[in-house]
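Please keep the sequence and the 3D view at hand while reading.

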Amino acid sequence: MSTEGVEIFIPGKPQAQVNPEPVKLADNKLELLAPAKNADYGIEAIRHGADAVYIGAPAFGARHTAGNSIADIARLCEFAHRYHAQVFVTVNTILFDSELEDARKLIWEVYEAGADAIIVQDIGLLELELPPIALHASTQMDNRVPEKVAFLEHVGFSQAVLARELSLTQIRAVAAETKMRLEYFIHGALCVAFSGQCYISEAYTDNRSANRGECSQQCRMPGNLSTRKGEVIATNEHMLSLKDNNQTENLEALIDAGIRSFKIEGRLKDLSYVKNVTAHYRQQLDEIMARRPEFESASHGRCSYSFVPDPDKSFNRGKTDYFVHDRKPGIADFRTPKYLGIDVGKVSKIAKDHIVVDSTAEFNNGDGLGFFAKNYEKARLSDDKLTGFRVNRAEGNVLYLKTVPEDLRVGVTLYRNHDQAFEMLLAKESAERLVTVNFALAEREQGLALTAFDNHGHSVTVTADFDKQQAKDIERNCDGLKKNLGKLGNTDFCLGEIELGDAATVFAPASVINNLRRDAVEALGQARIQGYQRPTPWERDDSVRYPQRSMTYLSNVANQKAKDFYTRHGVVSIRDAYEVRPVKGDAPLMITKHCIRYSYNMCPKEVPGIKADPLQMELGGKEFKLVFDCHKCEMLVVG
């Protein structure tokens, strides 16, 4: 056999074109965006269905402990682009003047590594000489109102991460004022404050700023609530610890409201969480697109799994859809900030080395179970202490333990927070992602030509010369040709359609067909990589004015470049960020949509005639005043 050449067709990219036109963001493409603690996690997220992943840069990321090397970012980009998936890199802390040049160099390195976008908080970066990389506005920029998001579009952002607190009505209002792709958190931990609007950690924990990636999470601690006259309302409760976000039931409504990027929280979560939760939302979005063909996935390939995705089996603090359908009870669990798990029944008997559980669940060796111990003597901070144990051996509902907890009682509810059988499935290779390849075989004068093409416009043709013979049994010959063309083995492709045409009558040795198939599949893979185009920045309009004329410390302006930017856009008064110049005296250290009055059934709007006494909270040994802005329906935690 002699291979005469390879003919390649790449959609939208003629071979002679060196600088392709910028990719237009299509608003019918739905993007599932998953977290990547590192490159390996990102690769698994893509295998399990992510259209894009976000990963921390070596520095300046809002998860201080989740940085990655440029080499690993490049490795992740190379893998992602095989499926036309994207990689977004977080450079989303506020920056001091001394850090700007390092940040600029870092962004160039990220761009040269192949990243598709950077997620930023500090507007001062726009005053620097940046590479032609797409800009995404971090949720840390407090993207709540249409005017703010529209402004960000005008100054060059192509995607914005909206505040988690927005309702469907508010999302629609934002979408009506912008052509940007709108991104929204659909799963994972909820920060109780509006993102970028919390300074408790900076104020009370050795300069650990949430705006610089080092939040101490004091909000997850237990505290006490009382009136300012000293009347006790609650003790040792986790009043600012929210349940976790789960928008499974609202995906279609979010699409209709204008969301196109669906973001999973969790750059510090373990790999099984990333696999499981990504697979769950991949299936949910695929079901919607199957019913609504006007939408399509933002990347290529279909996924199959060796497990049944279930987000309840991965770390979560209970679930809430937060404020998507406006305010309602149950967004927090004041008992514990830990992973409670799934209710699996009650203890019906306790023996020396085992317990019996009244349950329909199937237990496994190694399961982790938790329970609330009433008046647990070691619980210094809570009367209801979540504790737990591991199952050594499970025999039906009889669970043998290494040590039976002293505080376990008959009638106590058990929660499974570690499903050993499920975790073992996820510890193995648990997903396969394949792109459909179609083949068309045609006869030519000296042999055969095989065209391989995907469903996205990429096409290659390879040829082979050999001594042709007419097939004696055409039906058998067709079966043999299809069998050999279908041997895709360990490639990125699965078989679609095979068209034999006039080649059906040509007998070709299996080695000829196998070589044609291998050459075609390899060439198609290269054509797909060559055909991938990174998004490019949107045009900037420096004549647009910022929607505010003055900015307080809540605007998080920490460097001169950011001040220069806002001044050019019409701002006349700019105060330094809290991290640069802390506010003296009483000042809001947190602004939140979560309302403690509402949670304790003390809201004057909801309970007619109730006396709205001023409240105070003790948290982590610190005293805070609670100020309620009922017009905005917001709570301010004042230090």
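## The largest cavity

Ala, Val, Leu, Ile, Met, Phe, Trp, Tyr, Cys and Pro count as nonpolar, Asp, Glu, Lys and Arg as charged, and the others, Gly among them, as polar. By this scheme, the lining of the largest cavity comprises 1 nonpolar, 4 polar and 3 charged residues. They are His 187, Asp 244, Asn 245, Asn 246, Pro 311, Asp 312, Asn 316 and Lys 319. Strand β11 (residues 244-246) contributes the most to this lining, with 3 residues.

A cavity is a set of points, on a 1 Å grid over the protein atoms alone, where a 1.4 Å probe fits but cannot get out; lining residues have an atom within 4 Å of a point. Grid points are joined across faces, edges and corners, and a volume is the space filled by probe spheres set on the points. The structure holds 1 cavity of 30 Å³ or more, and the volume of the largest cavity is about 30 Å³.

## Basis of the model

The model is predicted: local features need pLDDT of at least 70, side-chain atom pairs count only at pLDDT 80 or more, and totals for chains, interfaces and linings use all residues. Residues are numbered from 1 along each chain as its sequence is written, and side-chain values use heavy atoms, with hydrogens and water left out.

Helices (H or I, at least four residues) and strands (E, at least two) are DSSP runs, numbered from the N terminus. Two strands pair if DSSP finds at least two bridges between them.

Strand β34 (residues 634-638) pairs with β31 in the antiparallel sense over 4 bridges. Met 590 has Val 637 in β34 as its bridge partner.

## Two residues with positive phi

Most residues other than glycine have a negative phi. Asn 236, however, has a positive phi near 55°; this residue belongs to strand β10 (residues 232-237). Asn 601 also has a positive phi, near 60°, and lies in the loop between α13 (596-599) and β32 (615-619).

Buried means under 20% relative accessible area, exposed over 50%, and partly exposed in between (1.4 Å probe, protein chains only). Asn 236 is partly exposed, with a relative accessible area of 24%, whereas Asn 601 is exposed, at 55%.

Methods: 1 Å grid on protein atoms, 1.4 Å probe; cavity = no way out; pocket = protein on both sides within 12 Å on 5 of 7 lines; lining within 4 Å.
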